[in-house]
Amino acid sequence: MPPTKANNTRGIVSLDPANPIQEEIKPLIADILRTKYCIQGSVFLVEGIDLVTVGGERGRGGKMIRLLLGDGELVIQGFVRGVMHWVVEGGKVFEGGYVRLDKFDLVEVEGEGEGEGEGGKEGVLVIGDLKGVGWDEGYLGVLRGEGREVKDVGGLVRREGEGRKLFGLERRAREMEERKRREREEEERRREEEEEQRRREEEKKEEEDKVVERDRQAVEREREEEEKKEEDEDYISESDYDDEGFERMVISTERATQRRAMAAAHTSTTINNLTTPQRPPPFKQQPIQHPQVLLPPPSRKILTPKTPQPRPPVKIQENTTPKSLPWQANDPTRPLKLTPLSQIPYLPYKQNWMINALVVVTQLGETEPCPYPPYVQRQARVIDQSTAHKHIHLTVFLEPDDFEPKLGEVYLLLGVKNHKFDGGSLKKYASDKPKWGGRWWVEGRGLGWCKGMVEELENWWAVEQQGGGGDFGDEG
């Protein structure tokens, strides 16, 4: 890969002559890796393009496009989101061309080998929006000298309707389109086969239902024929009757005697029931026994009405305002609960536990960008008697431009929160702005309730500096 040269703007061509890109080409990768802050609209040189197909289930795979972007000093990987693949596939982004990243973020991934970061991590860019803005004639000349196919930049300014030759990435884009077309045809053929298989299964099921219905109808017909046959067996023909239409039945003498005896017995029983009908026994109601309840004798006490007693007068409190808690930073002129800096790692919560602290400001940095809202911060170092051998890291997100304490002076920090960084540090977030409208960092000399502590801390710091104990400039 040909190396790029910093601050070399000769041979750089802009697509829009009215907006040249020479002034926008700056070494930005080092600052992005250091601050984790991505400046939208940055311009980079495309030094390499890789198209990778990722396999998926049932033959449905995806693709990934990786760009190698340079700024003249460093090179970083950039992965293009799927919604912007058409820009690369259409040949608008090519090796040796410049692109403007209007939307991108920095993420850390595990490197293939041992990287410079912790655990072999390296930073890559995730690109959400990009467009081509020009190219480098010198870089394209180096690629041609190596025998590589390069972008025909003349085609970018040709008139509409003229043909143009396909080079490098454009040819690969056409190949990808052809492969997509074949995949769509294969998917359509597979869908048609599935439809045909489903249709055959439905026809087979219909045939089975017809066979079952025919068997059911055959069973019904057999049952009807059996019932009809039984009815025919129970039918009595006219040959079983005599000429006068009566049935001829042969009854023996013994059978006739038995029938006469049974008829006489039945007749006598019926007559007795009609002459002497039996009455049901009379119903006797049982007496209900109730439990005996003994009532107390009537009271002879005479009740007299009570005289209403007057209520005591209500005492009106002069001051009903609730007293603020000692650790709440509502009023710096009243006594507050102070926390030594040495107790930061041992607070009830490792992070975001709000405290008030009386400290000496020893170091103060400049405002710098940060990846968190409000995207600007200022760092400082503070100390007290409990941390004589270590300065505590303080990061200010709330109005960092206005945070300008004097070095070596004692200040009261109100409503700062602890953090696990550097073994125990303090942070002042933008969301923790004081409700009373004042400053959250107050000079200790103006507070009467902690005058003794302020003088003691000032004297201690003066002794530390005279003895050389206050030089912590090399501490991280």
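Reply: Confidence comes first. This is a predicted model. The protein chain has an average pLDDT of 78, and 70% of the residues score at least 70. Among its elements, strand β9 (residues 376–383) has the highest mean pLDDT, at 95. Helix α5 (residues 253–275) has the lowest, at 67. Two stretches call for care. Residues 114–118 have a pLDDT below 50, and beyond near neighbours in sequence this stretch has two contacts in the model. Residues 238–247 also stay under 50. For them the model has nine contacts beyond four places in sequence. Where pLDDT is low, the predicted coordinates should not be read in detail.

Now the close look. The strand is β11, residues 410–419. Is β11 mostly covered or mostly open? It is mostly covered: ten of its ten residues are buried.

Which strands pair with β11? Start with β7, residues 354–364. β7 and β11 run antiparallel, joined by six bridges.

Next comes β13, residues 441–443. It pairs with β11 over three bridges, again in the antiparallel sense. Here Tyr411 has Glu443 of β13 as its bridge partner.

Then there is β12, residues 425–428. Three bridges link β12 to β11, and this pairing is antiparallel too. His419 stands opposite Ser425 in β12. β11 and β12 form a hairpin with five residues between the strands. Within that hairpin, Asp422 takes a positive phi near 60 degrees.

For context, look at the nonpolar cores. The largest has 23 residues. Among them, Leu67, Leu69, Val80, Val93, Leu101, Ile127 and Leu130 touch the most other members. Several elements each supply at least two residues of this core, including α1 (29–35), β2 (42–54), β3 (62–70) and β6 (121–136). β5 gives the most, with four residues. Leaving aside neighbours within four places in sequence, Leu130 is in contact with Leu67, Val80, Met84, Val87, Val93, Val99, Arg100 and Leu101.

A second core of 20 residues is separate. It includes Val361, Leu394, Leu426 and Trp441. Three of these names lead back to the strands above. Val361 falls in the range of β7, Leu426 in that of β12, and Trp441 in that of β13.

Notes: Residues numbered from 1 in each chain as written. Predicted model: local features only at pLDDT ≥ 70, side-chain atom pairs only at ≥ 80, totals over all residues. Heavy atoms only, no water. Core = buried A, V, L, I, M, F, W, Y, C linked by side-chain atoms within 4.5 Å. Buried < 20%, exposed > 50% of the residue type's maximum accessible area, 1.4 Å probe, protein only. Contact = heavy atoms within 4.5 Å. pLDDT = per-residue confidence, 0-100. Pairing = 2+ DSSP bridges.
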